[in-house]
Amino acid sequence: MDSQHWKDRMHNGKVYFTTDEELMREQTKCLDLLYDFNHTRPTELEKRNALLQQLFAEVGENCYIEPPLCANWGKHTHFGNHVYANFHLTLVDDTHIYVGDSVMFGPNVTVVTAGHPVDPELRRKVAQFNIPVHIGNNVWIGAGAIILPGVHIGDNSVIGAGSIVCKDIPANVVAVGNPCRVMREIGERDREYYYKDRRIDL
């Protein structure tokens with residue numbers, strides 16, 4: 001089958017094989033751009049921004065990513081405005097990752113769209129499937145969290161550090177754990193206290 005057939009299957013959730021030579025060549029272009037981005041100096045902000053514009057499908061205004069960044073494709077990732085990512089963001093973007101405005105990623109966060117069949121014969125042939133991930137506006141994803149294929153995270157929600165997010169998370173909640181579960185809604189107390197019993201004094 002031709003490369004277009006496998007490209008179509010990359011984005012429709014069906015199983016495909018990742019060994020197509022044209023797909024591998026396209027992915028190598030992303031890896032070259034990533035190498036350049038990850039070897040910029042901290043003072044080379046304009047260069048970093050230019051490389052992100054080449055690498056990602058969309059990059060909004062005032063986005064900042066601390067190198068090193070890892071991505072499978074880059075061109076399947078969509079960032080809104082004012083996105084901040086701390087060190088070691090990993091984007092397994094074999095299909096699309098949509099990130100809203102004012103999203104914060106803690107260090108060592110992984111966002112995964114790809115999976116592999118459990119059947120060992122298919123895995124031996126390097127079979128894969130991809131399901132998009134959607135992250136809403138004003139979401140904070142804590143350090144070391146892992147977002148798995150097909151997940152939707154609603155606006156304003158907080159994902160606790162180290163959480164494994166395998167199901168959708170609604171808007172306006174704090175969710176933690178493995179598997180990640182809603183702990184509580186964001187409410188009036190959060191406008192008064194920023195951490196345990198520490199009162200906001202701004």
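Student: Why is Asn-172 called partly exposed?

Tutor: Asn-172 has a relative accessible area of 37%. Buried means under 20% relative accessible area, exposed over 50%, and partly exposed in between, with a 1.4 Å probe and protein chains only. Asn-172, at 37%, therefore counts as partly exposed. This is a predicted model, in which local features need pLDDT of at least 70, side-chain atom pairs count only at pLDDT 80 or more, and totals for chains, interfaces and linings use all residues. Residues are numbered from 1 along each chain as its sequence is written, and side-chain values use heavy atoms, leaving out hydrogens and water.

Student: Why does Asn-108 count as partly exposed?

Tutor: The relative accessibility of Asn-108 is 44%, so the residue is partly exposed by that definition. Asn-108 also has a positive phi of about 65°, although it is not a glycine.

Student: What makes strand S1 and strand S12 a pair?

Tutor: Strands are DSSP runs of E with at least two residues, and helices are runs of H or I with at least four, numbered from the N terminus. Two strands pair if DSSP finds at least two bridges between them. Strand S1 (residues 16-17) and strand S12 (residues 127-130) have 2 bridges, in the antiparallel sense, and therefore pair. Phe-17 stands opposite Ala-127 in S12.

Student: Which residues are in contact with Val-158, leaving aside its neighbours within four places in sequence?

Tutor: They are Trp-140, Val-173, Val-174, Ala-175 and Ile-186, where contact means heavy atoms within 4.5 Å. Val-158 itself lies in strand S17 (residues 158-159).
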